[in-house]
Amino acid sequence: MASWVLSECGLRPLPRIYAQPRPGTVSIDNKIRLPLQADLTRGSSFRASSASRERNWALKVSAPLAVQPVNKEGDELVRERINDEGEFDPGAPPPFKLADIRAAIPKHCWVKNPWTSMSYVARDVLVVFGLAAAAAYLNSWAVWPLYWVAQGTTFWALFVLGHDCGHGSFSNNPKLNSVVGHLLHSSILVPYHGWRISHRTHHQNHGHVENDESWHPLSEKIYRSLDTATRTLRFTLPFPMLAYPFYLWSRSPGKAGSHFDPNSDLFVPNERKDVITSTVCWTAMAAILVGLSFVMGPVKLLQLYGIPYWINVMWLDLVTYLHHHGHEDKLPWYRGKEWSYLRGGLTTLDRDYGWINNIHHDIGTHVIHHLFPQIPHYHLVEATEATKPVLGKYYREPKKSWPLPVHLLGLLVKSMKKDHYVSDTGDVVYYQTDPKLSGSLESE
């Protein structure tokens, strides 16, 4: 007997290749307004048009609300996922829909509790001031390195909470999200709205070679056009782990604009005031830091804030890069009709950070976050476990970490040596290696 599920797309049988998901449907906040294409499972473009964007920005990063019903039987879809060598093909269309994944997630995982969210903010802010006070009081070179790592990691945790505000997963209150997001992100020199909008673009276009926003692959033509210095800086550690502030000012190679400029092509005209507001807040924080350098001296400010800031940047670049790179098997990137919101999201990776998982709010649980960014971070682990039977091999179980995630450094180094560019042609492409790049592995 076929299994059935009730979803936004109506009552229909599930393919017979995975366990029956939890029944029921979960609605997304009715304030979301995103244009829907007729076929999101087969690669129609999913982009918010300028005319449809509203000032209700708090929940604009979202998954599609409905998708086309699957029109093939489960057995046919199984064969579709197998390549000529009889191996699983990660670039093949999945045998399930976004609605199937959504239906497997328990309803309470969608509930945003602002008190719970604020409790994490209070925890992290107390840790920041406690660490700074202790380090300033002890003022010992035996303590400073430990302080820099701990404080930089906590700065990164503040970024993650501000990131939740940008997604609207912090609370259902847009004003609360805006206030908290500005305070958290401005404190670590991130323009809240500027970043929020570009990050929304990343979620809506992830896995698309041309339209993705961050850590997207360079086409071979763009890669070959880079001067030697730029190419070396992009692919030689530790420089890529220091890239985020420069990305905020000038974006990635092949893309123009700035997160601080309201006239940048990152934004539409009705987002101008938001971008100006965030740039003003960023400038105010920079002015505060300049003032503190006169009060306590530049060396003390560097010890208390400057070095932790750069540790935070390294965490940000490391984590975001490894969400989309470094798997033992090559992962696809898409163009044209092969791309879809679902297929792009399924190329993301979960990572285990050991003790750091709780500190940085389970941001390593990334696949479900990418597909449904409106789920609060404190429900992501449960939601992921509930969807594994649906995702099957499209979910790549992360390697378990020791208390500290030192194993990820090896994955980072290996990926930087291999993942250089993708072909200028083709709708399903994979990273290729430039053997001439210093320190790279031979092309596979």
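**Exercise 1. Find which residues lie nearest the centre of the largest pocket, and describe its lining.**

Step 1. The largest pocket has 35 lining residues, and Trp215, Ala243, Tyr244, Tyr247 and Asp317 are the ones nearest its centre. Here a pocket is an open set of points on a 1 Å grid over the protein atoms alone, with protein on both sides within 12 Å along at least five of seven lines, and lining residues have an atom within 4 Å of a point.

Step 2. Two or more lining residues come from each of α4, α6, α8, α9, α11 (298-322) and α14 (367-371). Helices (H or I, at least four residues) and strands (E, at least two) are DSSP runs, numbered from the N terminus.

Step 3. The space in this pocket is about 750 Å³, where a volume is the space filled by probe spheres set on the points, and points are joined across faces, edges and corners.

Step 4. Sorted by class, the lining has 17 nonpolar, 14 polar and four charged residues. Ala, Val, Leu, Ile, Met, Phe, Trp, Tyr, Cys and Pro count as nonpolar, Asp, Glu, Lys and Arg as charged, and the others, Gly among them, as polar.

Before going on, a word on the model: it is predicted, so local features need pLDDT of at least 70 and side-chain atom pairs count only at pLDDT 80 or more, while totals for chains, interfaces and linings use all residues. Residues are numbered from 1 along each chain as its sequence is written, and side-chain values use heavy atoms, with hydrogens and water left out.

**Exercise 2. Describe the lining of the second largest pocket by element and by class.**

Step 1. This pocket has a volume of about 550 Å³. Its lining is made of 23 residues, with Val128, Phe129, Ser187, Met285 and Tyr305 nearest the centre.

Step 2. The elements giving two or more residues are α3, α4, α5 (174-187), α10 (272-296) and α11. Helix α3 supplies the largest share, six residues.

Step 3. By class, the lining divides into 21 nonpolar, two polar and no charged residues.

**Exercise 3. Look at Trp215: is it buried or exposed?**

Step 1. Find Trp215 in the loop between α6 (192-205) and α7 (220-225).

Step 2. Trp215 has a relative accessibility of 15%, so it counts as buried. Buried means under 20% relative accessible area, exposed over 50%, and partly exposed in between (1.4 Å probe, protein chains only).

Step 3. Check the backbone: Trp215 has a positive phi of about 55 degrees, although it is not a glycine.

**Exercise 4. Examine residues 120-138 and then Asn139.**

Step 1. An unreviewed UniProt entry annotates residues 120-138 as "transmembrane region"; such annotations may be inferred rather than shown by experiment.

Step 2. In the model, residues 120-138 are 100% helix and 0% strand, with end C-alpha atoms 27 Å apart.

Step 3. Asn139 lies in the loop between α3 (114-138) and α4 (144-167). Asn139 is not a glycine, yet has a positive phi of about 45 degrees.

Step 4. With a relative accessible area of 44%, Asn139 is partly exposed.

Methods. On a 1 Å grid over the protein atoms alone, a cavity is a set of points where a 1.4 Å probe fits but cannot get out, and a pocket is an open set with protein on both sides within 12 Å along at least five of seven lines; lining residues have an atom within 4 Å of a point.
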